[in-house]
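This report is for a reader who meets the structure for the first time. Please look over the sequence and the model before reading on.

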Amino acid sequence: MYAVIFKAIANQQDSDYSKMVKVMRELAFEKYNCQDFLAVQEGEQEVAISYWVNEDDIKRWHQDSQHAVAQQLGRDKWYKSYVVEVVEVKRRYSFD
């Protein structure tokens, strides 16, 4: 399993941003096999973590044309800066 960690400093996040987030989340799950997604924001800081079965799905997601538009809008409008980390999950523990 792999995780994509998106850490950002937010800029102006308008109603178009909220709509785009919804579309991108649906696309990731429906077309690219995203397994889980969570996001939190505190002040200007945003952290989103998505989980994927394999790295190829992440690469295809990254290259998707709709995702490319969202990324450009993120750079132009919605974020002051961001960092993306792709990591392999070596172990996972849980407690119910």
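Predicted model: local features only at pLDDT ≥ 70, side-chain atom pairs only at ≥ 80, totals over all residues.

Residues are numbered from 1 along each chain as its sequence is written, and side-chain values use heavy atoms, with hydrogens and water left out.

## The largest pocket

Rolling a probe the size of a water molecule over the atoms shows where empty space is left. The largest pocket holds about 780 Å³ of space. Here a pocket is an open set of points on a 1 Å grid over the protein atoms alone, where a 1.4 Å probe fits, with protein on both sides within 12 Å along at least five of seven lines; lining residues have an atom within 4 Å of a point. Points are joined across faces, edges and corners, and the volume is the space filled by probe spheres set on them.

The lining of this pocket has 31 residues, and Phe6, Phe37, Trp61, His67 and Gln71 are the closest to its centre. Two or more lining residues come from each of β1 (2-10), α1 (15-32), β2 (34-42), β3 (45-52), α2 (55-63), α3 (65-78) and β4 (79-88). These labels are DSSP runs numbered from the N terminus, with helices (H or I) of at least four residues and strands (E) of at least two. Helix α1 gives the largest share of the lining, six residues.

By type, the lining of the largest pocket divides into 21 nonpolar, six polar and four charged residues. In this count Ala, Val, Leu, Ile, Met, Phe, Trp, Tyr, Cys and Pro are nonpolar, Asp, Glu, Lys and Arg are charged, and the others, Gly among them, are polar.

## The largest nonpolar core

The largest nonpolar core consists of 18 residues, and Met24, Trp52, Trp61 and Tyr79 have the most contacts inside it. Such a core is a set of buried Ala, Val, Leu, Ile, Met, Phe, Trp, Tyr and Cys residues joined through side-chain atoms within 4.5 Å. At least two core residues come from each of β1, α1, β3, α2 and α3, and α1 gives the most, with six.

Outside the four places on either side of it in sequence, Trp61 touches Met24, Leu27, Ala28, Tyr32, Trp52 and His67. Contact means heavy atoms within 4.5 Å.

## Single residues

The table lists the accessibility of several residues. Buried means under 20% relative accessible area, exposed over 50%, and partly exposed in between (1.4 Å probe, protein chains only).

| Residue | Relative accessible area | Class |
|---|---|---|
| Val4 | 13% | buried |
| Asn33 | 37% | partly exposed |
| Asp57 | 7% | buried |
| Asp64 | 6% | buried |
| Gln66 | 41% | partly exposed |
| Gly74 | 2% | buried |
| Val89 | 25% | partly exposed |

Val4 is part of strand β1. Beyond four places in sequence, the contacts of Val4 are Ala48, Ile49, Ser50, Trp52, Ile58, Val84, Glu85 and Val86. From Val4 to Val87 the C-alpha distance is 6.4 Å, although 83 residues separate them in sequence.

Val89 belongs to the segment after β4. Setting aside residues up to four places away, Val89 touches Met1, Tyr2, Ala3 and Tyr51. Its C-alpha atom is 9.7 Å from that of Trp52, 37 residues away in sequence.

Asp57 is in helix α2. The side chain of Asp57 makes a polar contact of 3.1 Å with that of Arg60. A polar contact is a pair of N or O atoms within 3.5 Å, one able to donate a hydrogen and the other to accept it within protein; residues adjacent in sequence count only if both atoms are side-chain atoms. Tyr32, Asn33 and Trp52 touch Asp57, with residues up to four places away not counted. Asn33 is in the loop between α1 and β2, and its phi is near 65°, a positive value in a residue other than glycine.

Asp64 lies in the loop between α2 and α3. A polar atom of the Asp64 side chain is 2.8 Å from the backbone nitrogen of Gln66. Gln66 is in helix α3.
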